[in-house]
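Welcome! Please take a look at the sequence and the model below, and then read on for a short tour.

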Amino acid sequence: VEEAVKAQDDFLAGVPIEVNPARIENELSRLWKPQDHAAEGAEGGAVTRACLSNLVVYLEDRAAYEEAVPVLQELGKNFPSRMILLVADSDRGSKLQAFVSAICHVPVKGSPPVCCEMLTLRAPPQDVDLLAGSVGCLLVSDVPAALVLAWERDTSGELGLVRLLDGVVDGLVVDSRRRALAYLDHVGRQTAAQRPGLRVDDLSWYELGTWRQFLADIFDDPLLGPLLGGIVRVEVVFASDDAGAAGAKGAPPASLLVGWLASRLGWSDCRRGRDGASVVFRRRDRGGSQDVVVSLRPQAAKAWVPGAVLGVRLEAGGDSFVHVERVQGPDALRAKGSTPEACVLPRLLPLHPRSTAALLWRVLERPDANPGIFLESLRSARALVGA
Amino acid sequence: LVNPLREGIAERRAPQPCTLVLFGASGDLTERKLVPALYSLARDGLLPEKLAIVGFARRPMTDDQFRAKMLEGVRRHARNFSEADDLWKHFASTLFYHASGFEDAEGYRALASRLERLDRELGLPGNRLHYLATSPEYFSKLVDRLGEAGLTGGGGERVSPWARVVVEKPIGHDLASSRALNSSILRVLREDQVYRIDHYLGKETVQNILALRFSNGIFEPLWNHKYVEHVQITVGEEIGVGSRGGYYDGSGAIRDMVQNHLLQLLCLVAMEPPVAFEADAIRDEKVKVLRAVRRIPPAKVAEYTVRGQYTAGVVGGQKVPGYIEEEGVAADSATETYVAVRLEIDNWRWSGVPFLLRSGKRLPKRASEIYVQFRKPPMRLFGDETAGTVAPNAMIVNVQPDEGISLRFGSKVPGPAMRVRQVKMDFRYGSAFGAASPEAYERLLLDVMSGDSTLFTRRDEVEAAWTLIDDVREGWRQSGERPMPYFAGSWGPAEAERLFRGQEGSWRKL
C-alpha cells in the first residue's frame, strides 16, 4: 500500500512512473483514482484533469528528451494536453518502455490544481515503427492531435514517422529555426500531396508573426500602401555570432520573412544576383516585369539569438522606403518611412519574445486561419536559399 | 487586396497611443480597479506603445505621491504584479497627477495645457480618453468643463486625434434624470464618443453567453418558449453596504444592480442573433429585448416583485448588523437591499417564459449565475420511483465566482435496476484554459482605447431599462409598504418564492 501511495504522490509531482506499455490507460486510472474519489466526496485535495489536445512529440535521443521536457511541462500549465513523447533511445534493447507522469499547476490562488498527463514511450531508434504504432490507442478522443517535430538535429526518420502516423494526427508542428528550409519545404509538399487536410505549422513562422503584423499595419497607411507595388530592393538583417557568415543558409527566419513578402507580392523566378551575394526575384507590373534585389545581411549582435531578424528595409523607386528595425530597451520594432509625398512619422511596436513553450501554446491555441500562406512562403524561401 | 500583406493576418485591434485622464483619481475605483487593470495590461504587453495616464482629483498630490499611492493599489489588486522586473518603474513613468476641483474651469484649462505639453514631450498624437470615475453628480458639469477647455473635440470613431469619455454607472437615478444627463452629455459629445460602462459586460462569462449561443448549433434551437420553462438570473453579494451606506440608501438594489447588471444579463440571454458582431448590431438587439419586456403597471407591482431589507444575522461565521444599523443609513430607511422581479418578454421567442431576476446584499455568498431551466419531457417513461429524484434539465452559467457553464441531466445509475439520477456536466474556465481570466476592467479599458463600443451601453438601452425600473418604483411608492425583513446570511425573504406561481421550480440555493 505504501508503495502504491508513493507512486501516486510521485506521479502527481511529475516524477515518471514506469508502467506496463500494454496497460497504460489502466495504470493511469489507478494513479488518478484517489483524486477522483476526493472529487466525488468533495473532501478537498482533488485535482482537475484537463486535456485540450494530444501532442505527439518525437525526440531522437536522450539529449532532445532532456531539452524538451521542461518546455512541455511549461506548455502543460498553459495548455493542458495529453503529451505522448516518443523517445528513440532505449537502454533495454528492442523492448518498448512506458513512463507516465502528471503536470499540475494552480491556475488561480486557492483553486484546485489543474493537471494533464505526460506519457513517455522509449524504444531504440530502429524501432520508430514500434513507437508510432503505440500512439493511436493513447489519444484522447474529441480533441485535436498534433505531431511535434521541433527538437531534431538530423533529418532521418521523421518523414517515415509522418507516414506512420498518417491518419492518426491532424497536424504537424515543425521549427524552421532548427531545420533546413529545403527539408521543411519537402515535408510541406509531401504532406500536402499525401494528406491535403494535414496542417503544417512552424514555430519560427509564428515567431515572425509580430514582424508580419507590423509590416501589414504599416502598409495599411494610405501613403505607404502604394509602395508595395514598386519595391525594387529588400535587405533583411539578421543576428549572427559571426559577422562573416553570409547568405541565407544561416538565417531561416530571414529567408522565411522574404519568402512571405515574395509570396504575398507575387515575386517569382528567383535567381542568384550578379554580385553573387544577392538574390533577384522578378516582380510583374503593368509595364512588364521588374527585378527585386534581395540581400540577407548577417550582423554580429551578441544581444540577440543567432538567426533573429533585426531589420527589414524595403526600397521602392525614387527615395521611397520603409525601414523596420529591432531596438532594445525595451525590446521593440521601430519603423520609419518616406515617400515623395510625405515623411512618415516613426512608429514603435513593443516586442515580446516568446519562449518555445509560448510559441507552441500560440500554435495550438490560435493557429493561423490560412495555413496555406505559410506553405507558399516556405516555397519562396526555399527558392531563395537554393538560388 | 488593397494591402496584399494583410491576407491571413487579422486586423489588429491595437489600442492607439493616447492620454487617459482619470477623473476621481484619489478614489477607490482608480486605486482598486482602473490602475491595477492598466498595469495588468502593461504586463501582458497590450497597452499602446505610447501612453500617459493623468490622475485628476481635488486632493493635492505630486506625481510621485500619486505613483506611490497607485503602487499600493497595484500591489494589492493587480492579478499579475511582480517586483522581479522593472515593469512598474516603466509603468509609473507614464503616471501623472493634476489637482483641481471638478467644477473649476481654470483647472481644466491648466489640464489642457499640461496634456499638450505631455503630447509634445512623449510624442503622443493628441488622443484623449477621459474616464469619469467620480460621483455621478459631477458627470454633467465635468463634460461641460471638458468641452469648454477644448478637450472633447476629435474625429469619428477611429479617426485620430479622438476624444472619448467613459461614464460609470449610474446614468441617472430614474428615466427623467437619465434623459437629462444623456442630453447634457450629448450637447458636448457625439454618441460615438460616449462609453457608458457596465463592468459586468467585461466579464469573460458574460461575453461567453454570446459565444455559447451564437457559435454553437446545439443550444439555439432549444433557446425559446417551446423548450425553456423559466430563466433565473441571480447576482448575490455576501457583503453589506459597508462605507457606501449614504449612497446606497438613496439608491437601493433595484437601481444599483437590476437597472444595469441584471437587465444587461437578461438582454444577452434573450436577444435575437445580431446581423453582425458589431457594436450597434448587438446593441440594437439588446434594445429590442428591453422594449419587449412587459411593463409592470404600478397597481400590479406587488404581484411581480418582492423587496427585502436585511436585519442582523450571521454571514460567513461572523455576526453582522442589520441594514438600518449601518453607517450612513437612515434609521427609518425603506430602501431595499434585496429585490426579486418576475419579468415577461412579449415577443415570439419568449412569450410565456418568465425571467426571474434577484439581487441582494448580505446573502449567504457572493454568487452570480444565469440558470435556464428546460421543460420536462412530455411523458414520464421511468415513473416516479426511478426518476423522482431527477430535476428538470438545466443550463447554469456561473458568472462569478468559479466561472463556467454546467449542464444538468438525468443518467442511469450503474446496476441492474433502471434508476435515473441527476448528474452535472461542468465546464470551468479555470481548468479548461489553464490561465486566469483577465479582470473585466482590463478588457473594457482596452476596448475604449481601440474604439470598440460593443460592450458599452447606448443611450436608448439605458433609457429603456430605466422605463422598466421606474414603473416598479412607482408601484412601491403607491403601495407605501416597507421592504420585508430577511436575516443577513439568508437567501432573502421567503415571500420571493411566490413569484414562481404556475412554474416548476423555486429560487436556487447557490
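## Around H225(B)

Leaving aside residues up to four places away in sequence, H225(B) touches W348(B), R349(B), W350(B), S351(B), V353(B) and R375(B), where contact means heavy atoms within 4.5 Å. H225(B) sits in the loop between helix 7 (204-214) and strand 7 (228-236) of chain B. Helices (H or I, at least four residues) and strands (E, at least two) are DSSP runs, numbered from the N terminus.

H225(B) is partly exposed, at 28% relative accessibility; buried means under 20% relative accessible area, exposed over 50%, and partly exposed in between (1.4 Å probe, protein chains only). The C-alpha atoms of H225(B) and F374(B) are separated by 9.3 Å, with the two residues 149 apart along the chain.

## How to read the model

This is a predicted model, in which local features need pLDDT of at least 70 and side-chain atom pairs count only at pLDDT 80 or more, while totals for chains, interfaces and linings use all residues. Residues are numbered from 1 along each chain as its sequence is written, chains are lettered from A and ligands numbered from 1 in the order in which they are written, and side-chain values use heavy atoms, with hydrogens and water left out.

## The disulfide and other cysteines

Over all chains, the structure holds one disulfide, meaning a pair of cysteine sulfur atoms within 2.5 Å. It joins C104(A) to C115(A), with an S to S distance of 2.1 Å. This pair links distant parts of the chain, eleven residues apart: C104(A) lies in strand 5 (residues 97-105) of chain A and C115(A) in strand 6 (residues 114-123) of chain A. The torsion about the S-S bond of C104(A) and C115(A) is about 110°, so the disulfide is right-handed.

C104(A) is partly exposed at 25% relative accessible area, whereas C115(A) is buried at 1%. C51(A) is in no disulfide, and its nearest cysteine sulfur, that of C116(A), is 7.7 Å away.

## Where the chains meet

How many residues does each chain bring to the contact? Chain B gives 18 residues and chain A gives 28 residues. The area buried between them is about 2100 Å², of which carbon and sulfur atoms give 59%; buried area is the accessible area (1.4 Å probe) that two parts lose on being put together, summed over both.

Between chain B and chain A there are three salt bridges, each a side-chain nitrogen of Lys or Arg within 4 Å of a carboxyl oxygen of Asp or Glu. One of them pairs D217(A) with R6(B), whose closest N and O atoms are 2.8 Å apart.
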